[in-house]
Amino acid sequence: MRRKSRSLLVLSGLLALALIVAACAEEQDDEDVADATEDVHDDEDVADDDEDVADDDGDVPEAPEGQEIVLFDGQWESLWILNEIFTVVAEHGYGHTVDAPTTSTPVMMESMPDGEMHVAMEFWCMNIPDWCDEELLPEDSSVASAGTVFEEAAQGWFVPRYVIEGDEEQGIDPVAPDLVSVSDLEGLGELFEDPESPGSGLLLGGIDGWEVTEINRYKLEAYGLADEYNFLSAGSAAAFDAAIVSAIDRGEPVLFYYWTPAWIPGVYDLVQLEEPDWNEACQDELDEALAAEVDPSDVGPEVGCAQPSGEIRLGAYAGLEDTAPEMMAFLRNIDGNFGTDLMNELTAYMELEDAEPDETALWFFGEYDQWRDWIPDEDGLARIDAALAEMGVEI
């Protein structure tokens with residue numbers, strides 16, 4: 001009985017020791033599992049950190065939700081290109097939507113001060129001086145000037161140089177070697193014949209809805225040429241250009257209004273006819289006639305003078321300062337940094353390459369880099385770069 005008790009005590013001790021060892025081993029295993037689990041979580045945190053770094057390096061900040069911005073489209077090439085440049089920046093850089101309905105200068109003059117139209121990339125203030133003085137240039141106006149887009153622009157009546165000097169390569173003889181000024185057009189009506197009215201001359205005077213088209217109607221009367229020359233305005237810029245270019249390509253005499261910067265003076269060799277110098281009295285008479293919608297047949301020589309050349313401005317409805325300040329900053333950054341020569345290159349590219357205005361704008365973004373200085377912040381620039389890359393533009 002005593003031997004058995006001693007054995008049980010020994011056995012009990014051994015069992016207790018085994019349980020203690022097992023418990024210690026299990027505790028160690030739990031610690032190892034906990035450590036391993038912690039290591040896994042640490043690895044996941046490192047991976048997350050690496051992913052965050054990748055996001056910071058690779059993602060483009062999302063554009064905010066913008067507003068609809070309405071652009072002035074008065075139907076000429078340089079304005080179309082500028083509108084497309086603006087659209088890329090506004091839509092892809094800052095989340096705005098852009099609309100550019102075809103309209104006229106009088107409609108723009110009426111709607112922009114009320115905020116129904118927001119941006120005009122070209123203000124030809126020499127054609128609408130009173131409106132610019134009242135609506136664009138005052139500091140407290142509802143239309144804010146953003147500076148100059150072209151430093152110099154000219155406009156007037158042109159003929160191809162071969163009319164005056166001939167063109168030996170094309171086998172064209174000079175037909176009006178003494179033609180220098182508008183006063184020399186008298187007696188040359190049959191030379192610039194109206195195909196719809198044989199025996200009468202023709203002046204291609206502009207596009208329906210342009211203020212300058214009405215000015216040219218008045219000037220034809222003021223120069224005493226209305227009895228000899230008919231006046232034709234086109235329904236669109238495309239039709240106007242086509243009438244001019246088709247005549248030049250055939251080597252025919254053609255008399256037409258045009259301006260610079262633009263593609264036709266950049267591609268073809270033209271001569272601008274001299275006119276009486278611009279003067280303030282002439283401008284006042286012209287402004288009064290336009291305001292009163294005087295019939296062209298009732299104006300006299302007092303409205304006959306050259307139109308002033310000068311800078312072309314850009315600006316916007318002043319309310320954009322609050323709703324789209326980054327676009328106002330963009331417009332102001334263009335001031336003095338675009339230029340007539342650049343637009344001559346862009347309009348020539350568009351015509352010679354048979355490119356659309358939006359395609360020409362993309363070509364501009366790829367070929368030139370000054371636009372990068374026009375973008376007011378790095379996030380907007382990053383979004384524009386990414387969008388251009390998706391459109392296949394190599395920066």
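Q: Is Cys-282 buried or exposed, and how do I read that?
A: Go by relative accessible area: under 20% is called buried. In this predicted model, Cys-282 comes out at 3% relative accessibility, so Cys-282 counts as buried.

Q: Which cysteine pairs with Cys-282, and how far apart are the sulfur atoms?
A: The general idea first: a disulfide is a covalent bond between the sulfur atoms of two cysteines. Here Cys-282 bonds with Cys-305, and their sulfur atoms sit 2.0 Å apart. This pair ties together distant parts of the chain, 23 residues apart: Cys-282 belongs to helix α9 (residues 280-291), while Cys-305 lies in the loop between α9 and β10 (310-317). Cys-305 is buried too, with a relative accessible area of 4%.

Q: What is the handedness of the Cys-282 and Cys-305 link?
A: Look at the torsion about the S-S bond. For Cys-282 and Cys-305 that angle is -95°, and the link is left-handed.

Q: How many disulfides does the structure hold?
A: Two. The other bond joins Cys-125 to Cys-132, with sulfur atoms 2.1 Å apart. Its torsion about the S-S bond is about -85°, so the disulfide of Cys-125 and Cys-132 is left-handed.

Q: Where do Cys-125 and Cys-132 fall on the buried or exposed scale?
A: Apply the same cut-off, under 20% for buried. Cys-125 has a relative accessible area of 15%, so Cys-125 is buried. Cys-132 is at 1%, which makes Cys-132 buried as well.

Q: What is the pairing when the bonded cysteines are numbered in sequence order?
A: Count the bonded cysteines along the chain and write down the partners: the pattern here is 1-2, 3-4.

Notes: Residues are numbered from 1 along each chain as its sequence is written. This is a predicted model: local features need pLDDT of at least 70, side-chain atom pairs count only at pLDDT 80 or more; totals for chains, interfaces and linings use all residues. Side-chain values use heavy atoms; hydrogens and water are left out. A disulfide is a pair of cysteine sulfur atoms within 2.5 Å. Buried means under 20% relative accessible area, exposed over 50%, partly exposed in between (1.4 Å probe, protein chains only). Helices (H or I, at least four residues) and strands (E, at least two) are DSSP runs, numbered from the N terminus.
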